[in-house]
Amino acid sequence: MNAFDRLHPSLQHHVVNTLGWSGLRPLQETSIPPILEGHHALVIAPTAGGKTESAVLPVLSQVLTERWRGVSVIYVCPLKALLNNLAERLEKYFGMVGERCAVWHGDIPQSEKDRIRRSPPTCLLTTPESLEVLLISSNPASRELLTSARVVIVDEVHAFARDDRGWHLLAVLERITRLAGHELQRIGLSATVGNPEALLGWLAGHCSGERTVVRGESAGTVATDVQLDFVGTLDNAATVIARLYGDEKRLVFCDSRSRVERLATLLDERGVEAFVSHSSLSATQRREAEQAFAHGDACVILATSTLELGIDVGDLDRVIQIDAPPSVASFLQRLGRTGRRAGTTRNCLFLVTDELALLRCAAVLALWERGFVEPILPPREPLHLFSQQLMALALQERGIGVNDWPAWIGRLPPFRRMPPEETAAIVAHLQAQSILFNDGGILSFAAEGEAKYGRKHFLELVSIFTSPPVFSVLHGRDEIGMVEQCSLTAQPDRPAVLALAGRNWEVTHVDWARRIAYVRATTSRGKSRWLGARSGMSFEQARSVSALLAGSDVSPRWSRRACDALAVLRADAIARETSTPTVTRNPDDEDLEWWTYAGFSTNRLIADAASQLIHAEAVADDFKITFSRVMAVQQLHDFWQSLLAEKNLQQLLLVPANALAAIKFAEALPPWLAVRVYRDRVLEHDAILAVLLEFTELIPGMNPIRSVIDT
């Protein structure tokens, strides 16, 4: 019996006759047996590789065979836009066999939510935050929806696992498991990652039941057309886009919202029909742009990483990347957007606007060609989310016993590993700060907790990240999107002109109290700015750059302009003897330069430690740490020796006064635990050890700092 024959007969009939499919893809065939047998599974494939159907078809077969009732399937996505995009497809699959599907998130009207409560669908498409809202709702019917759950499908699971939303999702699933009274089968859908077994272990490793990784065709194993061109400026990139592939549908990725909007203006000036999609546009604007692009022919859509995930914008002819994607995994996601139609290949054209981006692009491509993909590493010790979960349970249960939390979230590994003295310290801190109060061993919300987290039905409690204040931009009654305050105050002597949704808008009035900017259309060129964290190279990318500079190979993927620019960069690095890790003196100003090729995060951490502990005035970038005060190499060596020979690497990281503000719920932890959470997030132990050991080996006659390996 082949895998397809194991599906419910009614489903087999509709796959052939309603969908008109002559068969299933290999990935979909392979996923059927383990999912039907109840395994927790991770389905790995590039974008448009058939992952959704790989999970949904066998799960739908279980629904029919076992006659599940109520909300049996919870389908979780990281973006509301992705849920909306999937809804039509899943409604078709479930509807053809007489089952229902519904979407539940913050933008769904209350009337629709009331209908869902009265008549629960089989499949509920939602976000982790909306699941949390259902659990803590004062309406018993909301929580009742989740008691019949049997399977959870987590789409783009890699996007969850790499930050705190992943731990929050797992904690919420633990509470739903307790309500349902049985283990939920967990199915993750992911693009290519470097550690799929570990990712599945994170998703379901603590649950009972078998676990299986189902792999599809890798984006690196099929025919690809990838080219790297050095164009020098964004204006030149716009010219290339306007002149090349004019009869094709092109998806262009940029590294920031500001560049998306700037490029949209430049393309408009060149007569190119361009649409815009990024996270600071209103849902209506994004949807209209994506639908217009999907139904267009020779047009362009400009996006940040929002369109990297599985949102369907129709068949694409070409992907164009402005400068470098953040990672190999991200590049694979974007590359996988093309080559869907028979007879076409996956393709990506890099248009690079400066020398640093050129090095980064070439490094990412070199890593990809070697078969490297970054592992997904969940944040360490999410202790602040333990505090958040205690507060959420206090709301959910209308008071939670001090010792009752393990029954709800105690299986989750980071919480299970917490020693009793730490959990007791957290509970005591929540009480001392008047966030929770203890009434005979029952924890409930106190006045300070209500004031801090209770606004808009505890919206602050279910939002896991701290977001900067933004202003809504309104044209009449239509919301265009959001900008940060810096866009409104950049020109204090005249009205601000914004670039948003691919158009220019003059600000006519700002309601500062309500955070609303009113605008009208204008022909003047606008500019919008959003403040974001510095995104530097990883350790692997920086080391790839070093290998590139020290080598002489020329890739057939590089254009002549890229080859010429890289040749100049190589010659300069070799002449200065800085193409590989080394310590040098800058001949112009005698600065001490430590070329680590360790990436921005590691370099900044070491530089900050040297600046604060020995007043070395150190500045970091992706490739080096520059010590601007004249100092001896021996002084640096002695510093690392004295600091690391006897102390833990944690001591290397001094926590800035405002650093904890970036961690949501840090104030709900005792300060010493909040500092530990911050340090564990920032400290890259392996990279720092490699760099410090390498430093000692660069200096003849010095003893390597071997003792730090034990820390």
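This is a predicted model: local features need pLDDT of at least 70, side-chain atom pairs count only at pLDDT 80 or more; totals for chains, interfaces and linings use all residues.
Me: What makes the charged end of R178 count as sitting over the ring of W408?

Reply: A charge sits over a ring if NZ of Lys or CZ of Arg is within 6 Å of the ring centre and within 35 degrees of the ring normal. Residues are numbered from 1 along each chain as its sequence is written, and side-chain values use heavy atoms, with hydrogens and water left out.

Me: Over which ring does the charged end of K624 sit?

Reply: The charged end of K624 sits over the ring of W595, 5.1 Å from its centre.

Me: How many aromatic pairs are there, and why is the pair of W167 and W202 given its class?

Reply: The count is 11 aromatic pairs. Rings of Phe, Tyr and Trp (its six-membered ring) pair if their centres lie within 6.5 Å; planes under 30 degrees apart count as stacked, over 60 as edge-to-face and the rest as tilted. The centres of the W167 and W202 rings are 6.0 Å apart and their planes stand at 70°, so this pair is edge-to-face. W167 belongs to helix α9 (residues 164-180) and W202 to helix α10 (residues 196-204), so that the pair links parts of the chain 35 residues apart. Helices (H or I, at least four residues) and strands (E, at least two) are DSSP runs, numbered from the N terminus.

Me: Why is the pair of Y453 and F665 classed as it is, and what does it tie together?

Reply: The ring centres of Y453 and F665 are 5.7 Å apart and the planes are at 40°, so the pair is tilted. Y453 lies in helix α20 (residues 447-453) and F665 in the loop between α26 (633-644) and α27 (671-682), so parts 212 residues apart in sequence are tied together. Both Y453 and F665 are buried.

Me: How do you know whether T584, I116 and I320 are buried or exposed?

Reply: Buried means under 20% relative accessible area, exposed over 50%, partly exposed in between (1.4 Å probe, protein chains only). T584 has a relative accessible area of 17% and is therefore buried. I116 has 0% and is buried, and I320, at 1%, counts as buried. T584 lies in strand β22 (residues 582-585), I116 in helix α5, and I320 in strand β12 (residues 318-322).

Me: Which residues does I116 touch?

Reply: Contact means heavy atoms within 4.5 Å. Not counting residues up to four places away in sequence, I116 touches A102, V103, W104, P121, L124 and L145. By the same exclusion, the contacts of T584 include D591 and W595.

Me: What makes a set of residues a nonpolar core, and which residues touch the most other members of the largest one?

Reply: A nonpolar core is a set of buried Ala, Val, Leu, Ile, Met, Phe, Trp, Tyr and Cys residues joined through side-chain atoms within 4.5 Å. The largest has 98 residues, of which I74, I176, M391, Y453, L461, W594 and F627 touch the most other members. Helix α16 (residues 383-396) gives the most to this core, with nine residues. A second, separate core of 48 residues includes F350, V545, W595 and Y597.

Me: How do you know that β3 and β4 pair, and what is the hand of their crossover?

Reply: Two strands pair if DSSP finds at least two bridges between them. A102 stands opposite L124 in β4. The chain passes from β3 through helix α5 (residues 110-118) to β4, and this β-α-β crossover is right-handed. The term applies if, with the strands pointing away from the viewer, the path from the first strand over the helix to the second runs clockwise.
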